[in-house]
Amino acid sequence: MADLAIDHDFELSPPLVQGGMTYADVSEKVSAITENKPPKQWYYAIAVTSLMTLMLFGCLTYLVTTGIGVWGNNNPVGWGWDITNFVWWIGIGHAGTLISAILFLFRQKWRTSINRAAEAMTLFAVASAGIYPLFHTGRPWRAIYWLFPLPNSYLHLWQNFRSPLMWDVFAVSTYATVSALFWFTGLIPDLATLRDRATNRIRKLVFGLLSLGWRGSASQWRHYELAYLILAGLSTPLVLSVHSIVSFDFATAVLPGWHTTIFPPYFVAGAIFSGFAMVVTLMTVARWVYNLENLITIKHLENMCKVILATGSIVGFAYATEFFIAWYSGNPYERFAFMNRAFGPYCWAYWTMITCNVVVPQLFWFSKFRTTPALMFILAIFINIGMWFERFVIIASSLHRDFLPASWGYFTPTWVDICTFAGTIGMFLTLFLLFLRFLPAIAMSEIKGVLYQQNQQQKGAHE
Amino acid sequence: MKPLVEINPTRLTGKQYWRSLDQAAATPEFQEWVTSEFPEGYATVDGTNRRTLLKLMGASFGLAGLTACRRPVEKILPFSRASEGYIHGQPLHYASVATFNGTAAGVIVTTIEGRPIKIEGNPKHPYSLGATNAHLQASLLSLYDPDRAKEVQHKGARSSWDEFAAWAKAEFDVTKQGDGSGLRIVSERNASPTLASVRTDLSKRFPKALWVEYESVNLDAARAGAALATGQSVEPHFVFDKADVVFSLDCDFLGLDSASILPVKQFSKRRRVEQPGDKMNRLYVAEANYSLTGAMADHRLRVKVGDAGALALELAKELNVSGKELKVLGNAADKTGKFVTELAKDLAEHKGKSIVVAGPRQPAAVHALVFAINATLGNIGQTVAFTKPPSELTNSLEQVKQLVADLDAGKVKTLVLLGGNPVYTMPTDLNFGAAVKKAAASVALTEEENETWLASEWRLPMAHALECWGDARALDGTASIQQPMIEPLYGGRSVLEVAALVAGREPATGYGLVNAFWTAQWPAAEREKRWKASLFDGIVAEAKAAAVSVPVDAKKALAAAAGRIEPARAGLEAAFYPSHSAYDGRFANNAWMQEAPDPMTKVVWDNVALISKTTAGKLGLRDGDLVSLSKGQQKIDVPVMVQPGHADDSISLFLGYGRAACGRVGQGVGHRVEGLRTTDHFFLVSQVDLKKTGETYQIVTTQEHHRMEGRPIVREASSEEYQKEPAAIKEMAESPKGLTLFPFHDYSKGYQWGMSIDLSACIGCNACLVACQSENNIAVVGKDQVRRGREMHWIRLDRYYTGSDEEAQVVTQPMACQQCENAPCESVCPVAATSHSPEGLNDMAYNRCVGTRYCLNNCPYKVRRFNFLAWNKDVPEVRKLVFNPDVTVRMRGVMEKCTYCVQRIERGKIAANADGRRLLREGEVVSACQQVCPADAIVFGNINDPQSRVSKLKKQARDYELLGELNIRPRTTYLARLRNPNPALEPAAEKENP
């Protein structure tokens, strides 16, 4: 791989790996997390999140045995928290893939310390998201196989490929599959590192199996780099396509407030926006607990905040565009839909969304917010809340008041809605905590690549 | 052998409805079989051998697990010789008659496998003409009510009909009763000639016995008024299809103030405009509460119930019927004055072609005055006709007062309560529940274990109208025979049979009595033929009661009336109205009725007190505030609700709720307003006291928003505007025929189903809503689920207010699946559970649906219904008998919606195919909603046939697609609502809040 960094000075100043670490230091630092006993905060955290995960399973069981009526969905609001949560989770996942794949193709070196964790976050987010398309159906025991084009006794009974939900099935399953393959492929050299350092027999066996016999030879590295490139190339369009497909769930409907062509870019921007916010949330805590400040430096965090600022501004601009077009179109239903959002029964959700998504990220213009982990953690939480409300506003406010006023209604979540959602957060965090505990959270091999360049550059500067 | 556990074959609950045909027939062998602990087939152990005993013990131990294998002995009747005309799986239709508040309406009942599943109108019957109303539709469910009275009880213990018959023989004997001065009988209003003959027998046997007819919803005022006006006992008829101008004074003649749907049929005929040149009628209404009639009005005046008489006098004066000068309070005098002036002018211009009608809440004096007005207008004999009354009119309130006085004085030896629920409905000052107990012996025959049942000594289960023989006369005298469709499910008997027991008629069987009565009227040679013909047609062919030409002396009527008409005065009044759901309480345990939203307020599972916006503001009341209404000793608590267009200082109360002894559906639902009703204030309580309790009560409605928000949903025009510019209706919104993303279907061949709904005719009565529920096995979800927005009705009636909140106008729009050609729901279903049929229907495959609800979201009309929970999970077995076997009962998690009654279409096509592969004729397939509609507002048919009625209607200029601008091409289109306002009067409502 040729050194194609465009501006070394810019990129490596301040250096991406700090504290004068050597290759050995990198391996030691990252591997030790998985080899030693986790800090006590980890135990407290996983105890809580495991309970939440159990709560999720309980709620889902209750849902499947009793019916969708345990949620707050009704007529006219057929989708409530279920699809809001689905879109929220899928959106979050996009950041990981962007960091892993797109930043890789753009040769952004700073991605290397966060890409592993971000991609793991994507997988777990997709897992949490995937619960909803299955369980939001009235008959999930049927949906689980009727939504896939499997051979059946009718021979010609296919799915309806005109339906955006069908496209979702393909998009999300492709996304999950490709992300998983990409993540795993990238993990192989690091798993080999763990295998080589393992003293425990079981550890040696497990990591030995997982690392697929990695020897680190030149030809293996060549294959690895090529596979990585291909998978990155496959994942890149997914960043744009998956959430565009998800946005089609709404854009192809006739409902005012849903039926708009701005949704694909708007959703994708929003997905990256919320995803990066989630990465920031997770990374600020992880680096603090595991003392990874030298690997996940302020510069990394600052870059992420800049992406958040950029995508947040796009999202804010999209809101304004929607409003303008609603007025410009002259369509009375469209105009009403937007006035209803801002001043109707869901205005509280709407203004929360505006505050959290438009106002809050603008604080990242100030370097204090971009460079202080504690502050960016708080802002990132607000942004995630705001993005949740964006999906909720789109779904609930458009559905509850559409064409015929006689059918207007209102949606209120039930405790099952809330506990299910909290449960998915619990499951996500449980999986992430397990990831931190057992797998290398930072891509050691890639960091070492950056370290090499950094050293070269510093050597060159001294000469 | 004395049984350890007695099993009463007549008391059957839960899964085992009836075990065998023997049981249904209640043969003596069966009785013996079921009461013996070990039915035949067990072996007695009589051997003394120890080995044998141990062998038997061991064997029985080993076989212990087989206890479930014991099968009752059943006698199977194979169809080696089938019943005539019975094909298993094919429905049979029988004609019968339903009596409602003393009026008969012919019905045709669809039965399948020996049980009725649908009630339709009898096209041959003059008071049905093929249509029914919501209550008749729902009465089918009452047949299968699991909370029906199931056994005879005496002093709280189980008894039997035989024991009662034995007691009755002794009790209703001349030796015991003497001249019958201690015998009192209370029944509902009845129009049965056979029962009348039994009554005659009874009065011959016990000359001093008194038979009181009492109805909570008392519709006698018109007859009483006619008696005052003419001096004779006559039945007045209003022929609405002959009238060009109609003025209704507090009369919801399109709704519950008529006992039949005939006025709707007649009125809607003149309301519909098929050619731009057709002449529409004009309706003026003066009323307090917003009724269905008021919703159809071209001009509506808000008048307190108590002030209506004064308004009538004003009108009489204006028409020069020599009226007295009286002040009319209430609305701005100039508004009222202008209304009366123009109304009088309009009426006068249509002499002989107008109708003035007053409602049952008005005293007889007002009715007499109204007849005088009609006489002055030359309407008598034209649009207002008199006939011989089908039954004798009595002053039920006077009789009831006397009855209770006798009871309290201890004069009553035996009290027989035949049907109804008098303990619940009687005026509260009579304290009838306690009075019943003062009779030496009491007998109550009721359908359910209601308040009357509990108060009585002898408790007899009543047979439902579909289970017993009887007959009834319609208001014009047409007689029909009522035949049963099913054996009484719980061994109940009819009013006729019990009355016969009391009268000592033998044999006291319904069939015997009815058959004997009618065949006695006919010559012997024709008896069999005429009996069969009467049963088949649903009407007894006989000379109709001729119109009685009775002159109305206007001056005399006026004199009789004027002194008794109250002047208009200030103060809060409360008027009693029958509920569109519970009626007078008889449907309180009927889940279809409880869930059917009130046509005007859209309230479900409740009754509310309606007040005007101004009054609410004055008293500081908001929707849901619980208030205490009291007058003298009487007090009730009831939640209020603001009703746009309601008269000021008037409260509308609805009967039939707050039942204390009701089944699982109606127990404690709503608020009992009968507690405020006394014999002096039976229709109206004037000067009522209102106190806020400070509590609030949650009212649940199916519709939360009541304005069209400027959208062209219900398109309206005056008939004048329409005649000038017919194209204006279609131009109210664009309806482009754009391209479609996916290849379009070819609709040029075969049947293409479509529907046209005439908004000028629809009165919003709920008949279609309940008929659809009955036909399509639609589930009831209960009050809490309706509160969450999950009601399951496939057709709903959207009611919008236009104009101001004080002077609102109402438009109603039936809304069911529009079967769009370019359906937005079809493309979004991931599993293709909803797809388009070649005949233009949007098909719903329940077994394919996984329940993603995307179709519900994408439907712009929001007519799809989702089974959020398992609505049919705990349905009692007997309740399942009402299901239509042609329609799947949906499980939880699947979507459903109107199918244009595809099961009827398919049955029709099969029948046409079997009948020589011919095409379906016009009118051969009718949807349930079309068939039941009394206003003929819904028309369904083949739009590929240019001669079909639906095709012709769709060609009208006022036909429009709702939400046509979305390019979804609905097959159901609407005919715009036309009004016919009087140009001299101001536009009926300021169109400020569309």
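Me: Which residues in α7(B) are buried, and how do I read that label?

Reply: Buried means under 20% relative accessible area, exposed means over 50%, and partly exposed lies in between (1.4 Å probe, protein chains only). In α7(B), the buried residues are B:P193, B:T194, B:L195, B:S197, B:V198 and B:L202. This is a predicted model, where local features need pLDDT of at least 70 and side-chain atom pairs count only at pLDDT 80 or more, while totals for chains, interfaces and linings use all residues. Residues are numbered from 1 along each chain as its sequence is written, chains are lettered from A and ligands numbered from 1 in the order in which they are written, and side-chain values use heavy atoms, with hydrogens and water left out.

Me: What covers the buried residues of α7(B)?

Reply: Cover is read from contacts, meaning heavy atoms within 4.5 Å. The elements that cover the buried residues of α7(B) include the chain B strands β6 (183–187), β7 (210–213) and β17 (470–473), together with helices α18 (495–503) and α19 (510–519). Helices (H or I, at least four residues) and strands (E, at least two) are DSSP runs, numbered from the N terminus.

Me: How many residues does helix α7 of chain B have, and what span is expected?

Reply: The expected span is 1.5 Å times one less than the number of residues. Helix α7 runs over residues 193–205 of chain B, 13 residues, and its first and last C-alpha atoms are 18 Å apart, close to the 18 Å expected.

Me: How many residues of α18(B) are buried, and what follows the helix?

Reply: Nine of the nine residues of α18(B) are buried, so the helix is largely enclosed by the rest of the structure. Among them are B:V495, B:L496 and B:E497. After α18(B) comes B:G504, with a positive phi near 75 degrees.

Me: Is B:H350 buried or exposed?

Reply: B:H350 counts as buried because its relative accessibility is 17%. B:H350 sits in the loop that joins α12 (333–349) to β12 (354–358) in chain B. Leaving out residues up to four places away in sequence, B:H350 touches B:D244, B:V245 and B:K279.

Me: Where is B:V902, and how does it count?

Reply: B:V902 belongs to helix α29 of chain B, residues 902–914. B:V902 counts as partly exposed because its relative accessibility is 24%. B:V902 and B:K437 are 465 residues apart along the chain, and their C-alpha atoms are separated by 54 Å.

Me: What does the radius of gyration give for chain B?

Reply: The radius is taken over C-alpha atoms, and the globule rule is 2.2 Å times the number of residues to the power 0.38. Chain B has 994 residues, for which a compact globule would have a radius near 30 Å; its value of 30 Å agrees. The C-alpha trace of chain B spans about 105 × 80 × 70 Å along its principal axes. Chain B holds 31 helices and 37 strands, and 62% of its residues count as buried.

Me: What are the corresponding values for chain A?

Reply: Chain A has 17 helices and zero strands. Its radius of gyration, 23 Å, is close to the 23 Å given by the rule for 463 residues, so chain A is as compact as a globular protein of that length. Its C-alpha trace spans about 75 × 55 × 45 Å along the principal axes, and 58% of the residues of chain A are buried. Of the contacts in chain A with a separation of 6 or more, 82% come from residues 24 or more positions apart.
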